[in-house]
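Biologist: I would like to learn how to read a pair of packed helices. Where do we begin?

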Amino acid sequence: MVHTASAASAGNEISTCVTVCSKVTTRTVSNWTSTCCMRGCEMTTRKTKSTAEKTNSLRVRMYRVGFGDFFLVIVPTPSGDQHILIDCGVFKGTSGTGDLGSIADAVEDLFQTTGGKLALVIMTHRHADHIAGFKVERFKDFKANMVWMPYWEQFNDKQPDSANNMLADIHDLAASLAIQFRGRGDSDAQEALAQLGNATGIDDFNAAATDKKKRVGNAVALDMLKDHLGSQGENVRYYAAGDKPELPDELKDLKVTILGPPPEKAKAFLALMDLKKGVGQYLDSMTDGTRGPGPIEPFAKEWFAKTKDYPKQDELKYDEIVQRVNSAQPDMLAVAAAKIENFLNNQSLVVLFEFDGKKLLFAGDAQGGNWEYWLYQMEAPLKDPTNARDIVEASKELLQTIDFYKVGHHGSTNATPIPVVEAAVARPKTNKGFVSMCSTEKGVYGNPDKDTEVPRILLMDELNKGSCLVRSDSIPITFTDRKTNEQKTINPTDGVTLPKPKVGTLMKTKLYIEYAF
Amino acid sequence: MPTTKRTLKAAKHKSTKSKPKRKTSTLADVFEIPTPDNRPIKCYAFDPSHGKFFGNEMTLRVKYEKLLPGPVGERIAVIDYDGANKKFYKPVNLDDPSLLIASGISPTESDPRFHQQMVYAVAMETIQNFESALGRRIRWRLEERLPDPATGKIQPGKRDGDIWRLNLYPHAMVSANAAYSPAAKGILFGYFRASSVDPGRNLPGQTVFTCLSHDIIVHEVTHAILDGIRTYFSERTSSDVAAFHEAFADIAALFRHFSHKEALLDTIQKTGGRLYQYHLDPDALLTDGNPTIQAQKLQDNPLIGLAQQFGEARGTGRALRSALSELPDPKKMKNPNLEPHELGAILVAAVFDAYFTVYLRQTSDLFRIFRAGGGTVDSREISGPLANLLADAASKTANTLFKICVRAIDYCPAVDITFGDYLRALITADRDNHPSDSLGVRDALMQAFRLRGILPEDAQYFSEESLSWSPLEPGTLPDFEGLIFGDPNGLTREERNHNGDLLRQYAQANAETLGFRRREFISVPSFHPAFRVTPDGSMRIDMVVEMAQKADIPYDPKRPALGTFPMRSGSTLLITKPPFKDGNYGAGVIRYLIRRKLDGPYGERR
């Protein structure tokens, strides 16, 4: 083909043409894209006794809300338990079934546990599946001492014309992209719409477009985080890798290292510079500027023809030709939507907690670029991941000593690089291993036939073998459905059960799983 | 008096007496007009943004064939279906008398029929150039013939994935891109709106058609041709393979520039004969600092830039790529972060370095005479006759190098090509065709590749012999009985089936020597006879055969759970038809065997 790093190839055709996706038959660093063995998650299970919550142990609680992160870390201190909330969101996803409806009850439960007092709130990034819960009214009764957000979020304030405003356009870009997808029913379009919905928190782009002044979707959640919990921004802190974070007094025994997102000097890792120009150009190059959004019509209707104007030959099957060309259409819109998705995921705040000799790694939804920055400590991102060298010793050592890992991006293929699992799993025999927690819901995103299912079966298998993998969809939950006001029970995903950790205890309630260690 | 068909027919009629004698009226009716050799068709030499200057509006002469509206010919069919708007556009009928007289529609951006006409003309011209270089009729990609799992036999006949006629879709999609797609059985050209901020010579937001860029058409058709010759170069097994496909397509497109006489003359005038210069001297001299009128602006050299309009429309302010984009730097090849087009640019630069070196050698005497007659090298004033001679030398040299580059394809390994392999192929192919190398082409190529750090992995010395493939030692493989070499117009279906079966049998029988695992299926994705005239005037006939074997390799032998990925071993064979002896042709002799094995130390590394 003729160019460019910004084009997409059509489907899985061979890529003499396009630079972006060709089938790489060698093993790539960040993707679990081999043909996987479709083994179910057979685990030896023992009923965990709901042992009394030891007040002096560190606890991590994962609420089952569906497809979304909602984590609470309870830190025992001399002045009593202190609470760190890491994300609170859920999103319906491509299938529309990602939101189980339990988030309101979960937030209520959080209020009961914490008394509405949060020492620290961490928003890893601004996707609906990490922040939608902050739209729940109850949050107005919460108070937080401090709110942490990823570095890049500070440029997404309410000043639309600020020179630094790199993110303010995401909403607009996503909204105009979504309008382009109107009327498309194919699966790629559905996935792209889901990505855009996740980026903006908007369900109905048509309605949102008619009332631009009203803050909707994620904007409402962000207002809650920045204005209410963050006291009009006064208590909001923005961090990138390498920053020394400021902790509230209650948590001074906690040691925190910020591993991601890459700092401003390394913004190439986020593909940040590309976004506005890239997505903007996609839109620009594909729409008819004079008549508003709409595809370019290169020729007037006088030039339109029917197949009967073309020669009749047995070898020329026009139906087939139409089908072949249609299915070879590059989905630039989908590429643009995916760009926004990856861009936001890569902003994720990646946090390492150390407390009482235990290490906890919360990776948000970090993807390739975010990981690469600290795993390899490189100056510039890799263009060809097949050429990755080994990760640096410091990162390896860190991964080998973690006690807890929050699995990135709900266990999807692009968020836990193979070398990370390899390094984390490669421990001396005497080591007690680690617990990985994955908040996910099967069947919401992706397709096993395309190796895109979330959670990725292959990754789950590896984590299951190498660590004690706890999935949010392994427990049944019961809650009040806000639409019908009736009690509703959701069963665990088939074949997914709660394991027994080597260290500490797991307990479950009707809304969450809690790990004490 | 020449014998016409009609008189022959008349003679037949007379002898058979099967039909009554036909009445012949006028002389014109008796003498049939001979079929023309070629058809003149107007097109852009570069793209619409170059306007009418530099001979940008040119007439190509493509081989004559009867055309149906489309144009739909024998090898290619232009089908103007727009996948974004879901519409067909009216097809051009190049056999319409008014268009025949006018050499087609005059270049314009607004008439889709001109777009169809240009795509047809440039694609046909590209095919012709390749056929003349390769010495055979090219064919498109065919689906791999695999044995029927039930019978273990290969079914004869066509397959769904075969491409017998390449479709060209001039307005297939909205995209700043064009792509050869075997799935779509053709080439999809995109159109898009130029950048609204920095569109270069385009209007902000104007619609730009990739199908009107001469370079882009040649580039994509070259992808399609290469895909028909080397089936597995489109599998991205290493960064070199993808880069090679791109580089090769760029090389083909760039060499076309040097066949555009008017553009060539203009550039020679504006560079003082130094064709490799980045910029042209402005028409009007720059007096102080900034240009005030357009004639004073420094223009890019159109000959070494690829797809100028396209590049500018995307807001880059320059051509998409260039023949000489980088300064030679042997370390750059080792940078693992290069994207295929960037890596490919190194190969392109190496080839064009060699080209300009040969051009300068070729023309050094002309420049000496020029200086002896009072001319100065610094002056950009070059006399008309000298410019003509330089243009001749430039286009002849371009043609020579293009042929060398194309012929080398037959000498490339079947899978996993590296740039170093291509250098070996270039040197070996040229030694076969021009043993004496009076122009010093091979030396120029070797030096240019070395300057850029491209070397074959296991070369012992930096000499022609050491940089060629070593010929197969006699006796290593048995001679090949019964292969049909056919003639330059191709093989019949029966001959193809016969050869296919024979080649697969031969591969199985000699699997280990050929570099394959025994008792596993070896496929023969392609075989082509090649006909070349040797320096002594005789004809050499070779059969170029690709063989391949697929194996599933575990990602990590220690952890089979990670799954497997397919890898191929492949071999290229050059089988020569022996000379006529005692009234018979002997068995085919295998001259070269170029292997890429899966097992052994080389396989481990892969």
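Modeller: With a definition: a crossing is left-handed if the near helix is turned anticlockwise from the far one by less than a right angle, and right-handed if clockwise. Keep in mind that this is a predicted model.

Biologist: Which hand does the crossing of α9(B) and α12(B) have?

Modeller: The crossing of α9(B) and α12(B) is right-handed.

Biologist: What else describes such a pair?

Modeller: Two packed helices are described by the angle between their axes and the distance between the axes. Here, the axes of α9 (residues 340–372) and α12 (residues 441–451) of chain B cross at roughly 140 degrees and come within 8 Å. Angles over 145 degrees would count as roughly antiparallel, and α9(B) and α12(B) are therefore oblique to each other.

Biologist: Which residues of α9(B) and α12(B) meet?

Modeller: From α9(B) come B:A350, B:D353, B:A354, B:T357 and B:V358; they meet B:V441, B:A444, B:L445, B:A448 and B:F449 of α12(B). This contact has 8 nonpolar, 1 polar and 1 charged residues.

Biologist: Why is there such spacing in the numbering?

Modeller: An α-helix has 3.6 residues a turn, so residues three or four places apart point the same way.

Biologist: Is B:A184 buried or exposed?

Modeller: A residue is buried if 20 or more other C-beta atoms lie within 10 Å of its own. B:A184 counts as buried because it has 26 C-beta neighbours inside 10 Å. B:A184 lies in the loop between β7 and β8 of chain B, and it touches A:R324, A:V325 and A:A328.

Methods
Residues numbered from 1 in each chain as written. Chains lettered and ligands numbered in written order. Predicted model: local features only at pLDDT ≥ 70, side-chain atom pairs only at ≥ 80, totals over all residues. Axes fitted to C-alpha atoms, helices over the stretch in contact; angles between N-to-C directions. Helix = DSSP H or I, 4+ residues; strand = E, 2+ residues; numbered from the N terminus. Parallel < 35°, antiparallel > 145°, perpendicular 65-115°, else oblique. Contact = placed C-beta atoms within 7 Å. Nonpolar A, V, L, I, M, F, W, Y, C, P; charged D, E, K, R; others polar. Buried ≥ 20, exposed ≤ 12 C-beta atoms within 10 Å, placed from the backbone.
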